[in-house]
Amino acid sequence: MAQAHTPKFSNPVVTWIDSRLPIFTMLNHEYNEYPMPKNVNYLWAFGAMAGMMLVIMIATGLFLAMQYTANTHMAFESVERIMRDVNFGWLLRYVHANGASMFFIVVFIHLFRGLYYGSYKAPREILWILGVVILLLMMATAFMGYVLPWGQMSFWGATVITNLFSAFPIVGDPIVTWLWGGFSVDNPTLNRFFALHFLLPFVIFAVVILHVAALHISGSNNPLGIDAKGPQDTVPFNPYVTVKDGFAIVVFLILYAAFVFFAPNYLGHPDNYIPANPLVTPAHIVPEWYFLPFYAILRAIPDKLGGVLAMFGAIAVLFVLPWLDTSRVRSCKFRPIYRQFFWVLVLCVLVLGYAGAQPAEGAWLLIARIGTFYYFFHFLVLLPVLGKMERPLPLPVSISEPVLKGGGRVAAGAHAKPMEKA
Amino acid sequence: MAETTHPSGVGAHGAPDGEGTTRRDFLYLATGAVGAVGVAAAAWPFIDSMNPAADTLALASIDVDLAPVAVGQAITVTWRGKPVFIRHRTEKEITEAKEVNLGDLRDPQPDSARVTKPEWLVVIGICTHLGCVPLGQKPTDPKGDYDGYFCPCHGSHYDTSGRIRKGPAPANLPVPQYAFTGDTAIRLG
Amino acid sequence: MRALKTVLLSAAVALGLAGAAHASEGVHIPTQDWPHSGIFGTIDQASAQRGFQVYKEVCAACHSMKLVPIRTLSGIGYNEEQLKAIAAGYEVQAGPNDAGEMFMRPAIPADRFPSPFANDQAARASNNGALPPDLSLMAKARKGGEDYLYAFLTGFREPPDGVTVMDGMYYNEYFPGHQVGMPNILNPDGVTFADGTKATVEQQAHDVATFLTFVAEPHMDARKQMGVKVILFLIVLAGLMYATKRQLWSSVKH
């Protein structure tokens, strides 16, 4: 990374360190000078919010781990001790438990922003794939974290989800036994889930660093989906974007705080305040809300293996998304037909989520099946076909241009080549 | 970087008049200060969570009934995770403790400063040398050369007032904070 | 700002859906007006103290509350002496003593409420095979929380025509499945409140539900009070951040 210039630091200690280990040059380059398209909207703040959520989760998780006991006989009580006796223990736990939900809200919006504005397209394919890896790691981490309080939902959620692997022929049952470390979800399972729940956030942290590195190579996308042509199209990250992101973060924290302080159990399930009992299954097992769309897909397929494959397929399809979308225009702003289908997809995922919380029977099962069909149809058929057929609107010449011309739409004819390679 | 005019016509010095600059600086300062207060306040629950919790503090003071302890007997109670030696001293032991010449002591303390009631000795049973638990509570234990306690780890001898008399330990067995709540009842802590 | 609105709106929709997931099947549970509901609500201490009396004199015969230390009751207005007196009314197992035997000693406030049965099996054996659940977290462990507890305790009825209740079971309008192993144990004037409050069944149910809400989460009042401060602080900070952002971006044409 031969930079055009090395910044001069006024502090001699900083200069001394930087000439030996250029961390300050790097930080300055990545978080101070980094050129951000000046037309990005608040949806671009969700990356920063997700980063903040990861830090909050690691911090609260570390301090909770100092009080938690990963043993089937003591886990439930140790969590109650945190809630009742540890100084601010209730606060740490509610921040952590609700933080998982908040993290997923942020990441889902971040993901749909990427979908809407085509942030997964060249040259950002690896950036996107790393993002999907983070999502998968988050799901694994959240699932194992939910098991730790060792309530009824913890236990039965763990039982149901680990049993998914039994759907695979021949290797299925040995895999499940291996996951459990026994013949049912028990103390060895709880112990390993705790170990992995502690480890995975740091793996996520490492992938986030790669995610940001990949972002800073290709530069941020923007609502127009066209590349920044030069300094006239961008603002330096600091202070413009830091302050803007900071404002968005504080607004988001208000929502977060409202849950933590006034409805801390709203997103949880009452059954998880009943200690785990391997002999009694709760009447109605529901995963946490962020898994509901996937849970609906699982149950929509009337075949055990098929359901499991469809559920994993729903994530796997995101990995190949950059190659499924054949359109050369990034932003939905300029794709009048696809834009409609984007909102259909959003609706589809919400409906799937709702269906996932209902008993898998009758009308809800039918709705879940329609939703599942559309989900895969959208990615596997619609995106490749529509990209070829749709006639995009003319793209603006540059980010600055529509602004300089008074904010109106760019006159027809004045258009750049779609998706020029920078 | 940000302080200089950016090529896109972006300048931090947007408002050319001085008044705008002052207002802007004040705004930045206020935002930064309030944000810093928020971060500092948020750090406290994390730090405080590592302090003793309510269940630990609830046992920070315990009541001990001394009535069943006959003269010459001793009991050991656990208080704040440490052994506390309570000995119902005999007349002989009390006399021994009182008649010591303070000048002979490594850590001079009169017996009267170490007990509330002469017949009851209450000390924390942790050797001041390297933290072993001395012997001398049970009738069969060696009591050392001074009829008090003997630490088997490195051979420290304590007298009937728990004072160090011989061996490597630098100080007397510490007296915990306690008070009599009745004739034969004390509260530790 | 439009984007921000979209974002908040979609978050609200998502959360609404998540919440809708809760409001599925089951009997409708009427909601009560609790002094502790709402963001400024606090536990009614007098009611919780009466509720403790109901717990002690009625519920505790069968139900444990084993996660709750007696000292927790300082949160509903008992002072140290009162707590000691309450604790002295219980015996807890201690030991082993020098003879290697377990023995009973009077409880101290640091002890947890002792359970009426030695273990779950003993509890089942004494209750016709049914296990009376632990009450430590009951207000958080049932859908509807304290509203459900009140509805349940006042919901014992004669079974409607055509419904046969199994032997040893009782009909309750609000219990899932309507058949419950617990009989209607609240009777008018079944307890005598020291403060002169008339002990109707509704009053007892209300008070014990308040008490169980308190023991399920002793820090609820502190939590809400902190929440108000935190959110006011964040609103001020958001205002300042927005002003700073406006100021900063005012010269950027975008």
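This is a predicted model: local features need pLDDT of at least 70, side-chain atom pairs count only at pLDDT 80 or more; totals for chains, interfaces and linings use all residues.
**Figure 1. B:Asp55 and its partner across the chain boundary.** B:Asp55 is partly exposed, with a relative accessible area of 22%. The salt-bridge partner of B:Asp55 is A:Arg81, and the closest N and O atoms are 2.6 Å apart. Because A:Arg81 sits in helix H4 (residues 75-84) of chain A and B:Asp55 in helix H2 (residues 54-58) of chain B, the pair joins two chains. A:Arg81 is also partly exposed, at a relative accessible area of 23%.

**Figure 2. A salt bridge between B:Asp111 and B:Arg89.** Here the side chains come to 2.9 Å, N to O. The two residues are 22 residues apart and belong to distant parts of the chain. Look for B:Asp111 in the loop between helix H3 (91-98) and strand S4 (120-124) of chain B, and for B:Arg89 in the loop between strand S3 (82-88) and H3. B:Asp111 is buried, with a relative accessible area of 4%, and B:Arg89 is buried too, at 2%.

Figure 3. The closest N and O atoms of the salt bridge between B:Asp159 and B:Arg163 are 3.1 Å apart. B:Asp159 counts as buried at 2% relative accessibility, while B:Arg163 is buried at 1%. In chain A, salt bridges with shared partners join A:Lys121, A:Asp325, A:Arg335 and A:Glu390 into one network. Over all chains, a search of the whole structure finds 26 salt bridges.

**Figure 4. The region of chain B annotated as Rieske.** An unreviewed UniProt entry places the feature "domain: Rieske" at residues 91-187 of chain B. Over these residues the chain is 8% helix and 26% strand, and the end C-alpha atoms lie 24 Å apart.

**Figure 5. Where chain C meets chain A.** Each chain brings 53 residues to this contact. About 4,900 Å² is buried between chain C and chain A, with carbon and sulfur atoms giving 77% of that area. There are 2 salt bridges between these chains, and one of them pairs C:Arg71 with A:Asp85 at 3.1 Å, N to O. The count of residue pairs in polar contact, both at pLDDT 80 or more, is 10. Helices H1 (2-20), H5 (138-141), H7 (201-216) and H8 (220-249) of chain C each supply at least two residues of the side that touches chain A. H8(C) gives the largest share, 17 residues. By class, this side of chain C holds 33 nonpolar, 9 polar and 11 charged residues.

Notes:
Residues are numbered from 1 along each chain as its sequence is written. Chains are lettered from A and ligands numbered from 1 in the order in which they are written. Side-chain values use heavy atoms; hydrogens and water are left out. Contact means heavy atoms within 4.5 Å. Buried area is the accessible area (1.4 Å probe) that two parts lose on being put together, summed over both. A salt bridge is a side-chain nitrogen of Lys or Arg within 4 Å of a carboxyl oxygen of Asp or Glu. A polar contact is a pair of N or O atoms within 3.5 Å; within protein, one must be able to donate a hydrogen and the other to accept it, and residues adjacent in sequence count only if both atoms are side-chain atoms. Helices (H or I, at least four residues) and strands (E, at least two) are DSSP runs, numbered from the N terminus. Ala, Val, Leu, Ile, Met, Phe, Trp, Tyr, Cys and Pro count as nonpolar, Asp, Glu, Lys and Arg as charged, and the others, Gly among them, as polar. UniProt positions are given in the numbering used here, feature names are shortened, and annotations may be inferred rather than shown by experiment. Buried means under 20% relative accessible area, exposed over 50%, partly exposed in between (1.4 Å probe, protein chains only).
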